[in-house]
Amino acid sequence: MAPEFSLSVQFASDADDLPSRAQVRRWVAAALEHPAEISVRIVDAEEAQALNRDYRDKAYVPNVLTFEYGEIGHDEAGRGVLGGDVVICAPVVEREALEQGKPLKDHYAHMTIHGVLHLQGYDHIDPAEAEIMESREIAILKRFHIPNPYFS
């Protein structure tokens, strides 16, 4: 059973074929291991690049950014509630899906799950940590009948 969470889904892109709020909610729920308060915001390239520049000191347009706020409170059972924002760049996700020959919905699922795992402390800088994170992504995506995104 997925932990309790609150979710705000924000559409700040006029791109076609964006996932529905219900789809995003299912992907977030599948990736969560802790109670959380999360915002998922789907944006255009300008906003993604500005956030990456302002908060990460990087000039490129990313596919997904995660802002982790750590424990922001406790639930009724006393468990820590994680807070964070996942920002997904629609044009980059569309381009990558096309380049990789993947259905757009599948790539949005992957980027959402990837961002939510980052929010919970998963990372892919170190090869051993990357293997753990990618294995978790693959297992979660499989529940949605989405093939391994790392075999393209």
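This is a predicted model: local features need pLDDT of at least 70, side-chain atom pairs count only at pLDDT 80 or more; totals for chains, interfaces and linings use all residues.
Where is the place of Asp14? Asp14 sits in the loop that links strand E1 (5–12) with helix H1 (21–31). The residue is exposed, because its relative accessible area is 68% and exposed means over 50%.

**Next stop: Asp57.** Go to the loop between helix H2 (45–56) and strand E3 (64–74), where Asp57 is found. Check the backbone here. Phi of Asp57 is positive, near 60°, and the residue is not a glycine. Most residues other than glycine have a negative phi. Asp57 is also exposed, with a relative accessible area of 73%.

Show strand E3 (64–74) and strand E4 (residues 80–89). The two strands run antiparallel, and nine bridges join them. Now pick His74.

**Last stop: His145.** Move to the segment after helix H5 (127–143) and select His145. Is His145 buried or exposed? His145 is exposed, as its relative accessible area is 74%. Look at the backbone again. His145 has a positive phi of about 60°, although it is not a glycine.

Methods
Residues are numbered from 1 along each chain as its sequence is written. Side-chain values use heavy atoms; hydrogens and water are left out. Helices (H or I, at least four residues) and strands (E, at least two) are DSSP runs, numbered from the N terminus. Buried means under 20% relative accessible area, exposed over 50%, partly exposed in between (1.4 Å probe, protein chains only). Two strands pair if DSSP finds at least two bridges between them.
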